[in-house]
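Here's a quick briefing on the aromatic rings in a protein chain and a few of the residues around them. Have a look at the structure first, then work through the points below.

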Amino acid sequence: SRHMLGVAYLDGKTPSVLVVRGTYGLMKVDASTLRAGTLQKIWRWTNERQPFKYQGQGQHSIKVGDIDGDGFDEILNGSIAIDNDGRTMWGTGLGHGDRFYLSDIDPARAGLEVWYTIEDPHPQNGVSLWDAKRGTLIFGTNEASRDNQIAGGLAGDIDPAFPGMEVWGDKFFFTANGQVISG
């Protein structure tokens with residue numbers, strides 16, 4: 001089990017505290033807001049009654065941001081996106097990874113993207129870029145990855161020769177639009 005805390009502006013203006021539990025199995029997110037001097041629970045999200053693809057999707061951090069452009073913060077709990085009202089938006093179904101990054105990685109695309117490095121073995125897409133609003137795959141590796149092969153990763157604008165950020169996971173290096181960077 002893992003416990004994390006975060007802050008999100010679920011109504012677009014008032015800070016709410018997020019209490020997050022779980023990574024590999026049961027996952028819960030409780031959202032509460034201070035009203036009239038009392039911390040009041042707004043909603044609870046849990047993967048208990050969600051389809052299997054929402055099981056074991058947690059990572060070691062959460063990210064918060066307005067991923068759908070509605071002016072309210074959404075929560076990314078690993079490979080799952082939760083809307084500002086506590087409803088599930090999408091999940092990758094790829095499983096657990098140690099790192100993921102939410103940003104405008106590719107400025108040529110509208111909206112934000114999520115760069116995932118997934119520890120679980122996969123025939124492809126163990127490192128992959130996803131559309132943050134829709135939860136759709138933009139690109140990933142076509143090569144298989146082994147269990148725990150991809151423990152590291154990063155997204156950052158490290159080479160001015162390529163527009164946007166460059167993304168990395170294990171031996172896989174890409175430009176923001178999916179071009180392989182060799183060497």
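Let's start with Phe 100: it counts as buried, because its relative accessibility is 1% (buried means under 20% relative accessible area, exposed over 50%, partly exposed in between, using a 1.4 Å probe and protein chains only). Keep in mind that this is a predicted model, where local features need pLDDT of at least 70, side-chain atom pairs count only at pLDDT 80 or more, and totals for chains, interfaces and linings use all residues. Residues are numbered from 1 along each chain as its sequence is written, and side-chain values use heavy atoms, with hydrogens and water left out.

**Aromatic pairs**

- Rings of Phe, Tyr and Trp (its six-membered ring) pair if their centres lie within 6.5 Å; planes under 30 degrees apart count as stacked, over 60 as edge-to-face and the rest as tilted.
- By this rule, the count comes to five aromatic pairs.
- One of them is the stacked pair of Phe 100 and Tyr 116, at 5.5 Å centre to centre with 20 degrees between the planes.
- This pair links distant parts of the chain, 16 residues apart: Phe 100 is in strand E9 (residues 99–103) and Tyr 116 in strand E10 (residues 113–117). Strands (E, at least two residues) and helices (H or I, at least four) are DSSP runs, numbered from the N terminus.
- Tyr 116 counts as buried too, because its relative accessibility is 0%.
- Trp 115 and Phe 174 make an edge-to-face pair, with 6.2 Å between centres and 65 degrees between the planes.
- That pair also joins distant parts of the chain, with Trp 115 in strand E10 and Phe 174 in strand E15 (residues 172–174), 59 residues apart.
- Trp 115 is buried at 0% relative accessible area, and Phe 174 is buried at 5% relative accessibility.
- Ring pairs tie Trp 115, Phe 139 and Phe 174 into a cluster.

**A charge over a ring**

- The charged end of Lys 63 sits over the ring of Phe 100, 4.7 Å from its centre (the rule: NZ of Lys or CZ of Arg within 6 Å of the ring centre and within 35 degrees of the ring normal).

**Trp 168**

- You'll find Trp 168 in strand E14 (residues 166–169).
- Trp 168 is partly exposed, because its relative accessible area is 29%.
- Leaving aside neighbours within four places in sequence, Trp 168 is in contact with residues including Trp 115, Thr 117 and Phe 173 (contact means heavy atoms within 4.5 Å).
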